[in-house]
Structure formats: C-alpha cells, structure tokens
Amino acid sequence: MNQEALIIETQQLQKKYITDTVETTALAGVDLKIAKGEFVAIMGPSGCGKSTLLNILGMLDSPSAGSFRFLGQEVANVSERQRAKLRKQNLGFVFQSFNLIDELTVAENIALPLAYLGIPKAEAEQRVQQAMERMGIAHRRNHFPQQLSGGQQQRAAIARATVSSPSLILADEPTGNLDSVHGREVMALLSELNEAGTTVVMVTHSPSDAEYAHRVVNLFDGQIVTENLNVKRHATELL
C-alpha cells in the first residue's frame, strides 16, 4: 500500500493499564493500515480492545508502546496540546450515546467544532445550514436534543462530526441506541459520506452494519486475528 495513500498506520501498538495490584493489556501489538477514503469496521467480543484502539486512533488516548502515524506524522508520543490540535483539524466523532449538549439547540450543537476552529460567524452559519440540509434535519435547527427522536439526534451528531470537513470520521457503535429502521438510515448516511471521500473507521457489534464497510478487522484479546474484504461492497462499487 502506497505510504502517501495512508491516513493511519500502526506498528506493534500496545496499551496497558496499570494499577497498584493489576496490569491489564488492552492492546497487544496491533499492526493496522487504513487508506484514505476507506470504510473500515472493527469488530470483536466485548473487552477485546475495540474501544481502546478507537480512542488511540482518535488521539483521545496515547499508546503505551509502538508506532502510530497519522497522515504520515508520528503521533504516538506527542503532547496533549498537539493531539488536540490534530483532532480539531482532522477528526469527527460519532458516538452511540450521541453526546449532544442538552442546553444547546441542534444548530448550536453542530456549530461547536467550527467555534473551536475559529471559523467566522457568517461562514459557520452557512456550513451548519448545509450540514443540516445534508442530514435532513434543517427543520429541527432550533429544537433541543431532547425534542428529537433517537434517529434525529444521531443525524445531528453526524452533522456535527462532518461540519468541519474532517479527513476521518470515527464512529463508536453509531446505531447501538437506534431501532433497525433508524440504524439503517444512519449507516446509509455514513456510507454516503464515505463515497464522497471521507475515511470512516467504525467499531460495531453488528454484522449488518459491518456490511457497509470495505474491510472488516476482527480483534481478539487485543490483537488483530483476521481482516476480511467486504466482497459485496466491492462488487457493488464495480458495477
């Protein structure tokens, strides 16, 4: 795989949690390459290291050992300030619990990443409107999260994750709190964003959600045990 085409590359990535009496290995030497524009699903049983890996890829945590290169830059041991800057400029997050702020309207929630980036107000308002229209929630702009359905809340969360045009979207069980209909809608939206060029890495327990990905990475006991291409997704794209 061409190094310039990579957005993520890890080598022997490790994460250990140490207390006074116990040492727990969450990741035990993960080698992973993800190309720009890929949609990768990470699967495995509870406790296998999926969320730990996603947190490190999202620069919310740092590894105990190993290499992590993001867009060609080694970031395994950079400072929290540097990680925060990289997150703001490059990443969008979608969580199972939506993580919307109850006291802010839909539009205000979506605008938060732009405020952190110092985007001028007029440009920010235009981007927020475009993001809401793309997610089909423009008519809810002045509603508060508790006034929305679960599906609408996740649409708002995806709008917030994409409003700054990030290089990478990290999704942690994005349909976990949704019924099947709204879950399929959310996966279709993530797939559309990926087809438009955004890289997506998703942790999921759902085999049906994983079918939207180009590739499925299976973790067990903190290690990658299998990687499988999604033949159905690739066949569809060749049509």
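Helices (H or I, at least four residues) and strands (E, at least two) are taken here as DSSP runs, numbered from the N terminus. This is a predicted model, in which local features need pLDDT of at least 70 and side-chain atom pairs count only at pLDDT 80 or more, while totals for chains, interfaces and linings use all residues. Residues are numbered from 1 along each chain as its sequence is written, and side-chain values use heavy atoms, with hydrogens and water left out.

**Helix α5**

- Helix α5 covers residues 150-162, and its 13 residues reach 18 Å from the first C-alpha to the last, close to the 18 Å expected at 1.5 Å a residue, where the expected span is 1.5 Å times one less than the number of residues.
- In α5, 12 of the 13 residues are buried, among them Gln152, Arg155, Ile158 and Arg160; buried means under 20% relative accessible area, exposed over 50%, and partly exposed in between (1.4 Å probe, protein chains only).
- The buried residues of α5 pack against β6 (91-95), α3 (106-116), α4 (121-135), β7 (168-172) and α6 (180-195), with contact meaning heavy atoms within 4.5 Å.

**The four-stranded sheet**

- An open sheet of four strands runs in the order β2-β1-β4-β5 with antiparallel pairing, two strands being paired if DSSP finds at least two bridges between them.
- Because β2 (23-35) and β5 (73-74) each have a single partner strand, they stand at the edges, and one side of each is left without a neighbour in the sheet.
- Strand β1 (residues 6-18) pairs with β2 in the antiparallel sense over 10 bridges, and Lys15 stands opposite Leu27 in β2.

**Arg215**

- Arg215 lies in strand β9 (residues 215-220) and counts as buried because its relative accessibility is 9%.
- Leaving aside residues up to four places away in sequence, Arg215 touches several residues, including Leu32, Ile34, Glu38, Phe39, Glu227 and Asn230.

**Pockets**

- A pocket is an open set of points on a 1 Å grid over the protein atoms alone, where a 1.4 Å probe fits, with protein on both sides within 12 Å along at least five of seven lines, and lining residues have an atom within 4 Å of a point.
- The largest pocket is lined by 15 residues, of which Leu91, Phe93, Pro113, Tyr116 and Arg160 lie nearest its centre.
- Two or more residues of that lining come from each of α2 (80-90), β6, α3 and α5, and the largest share, four residues, comes from β6.
- In the second largest pocket, α4 gives the most to the lining, with four residues, and α4 and α6 each supply at least two.
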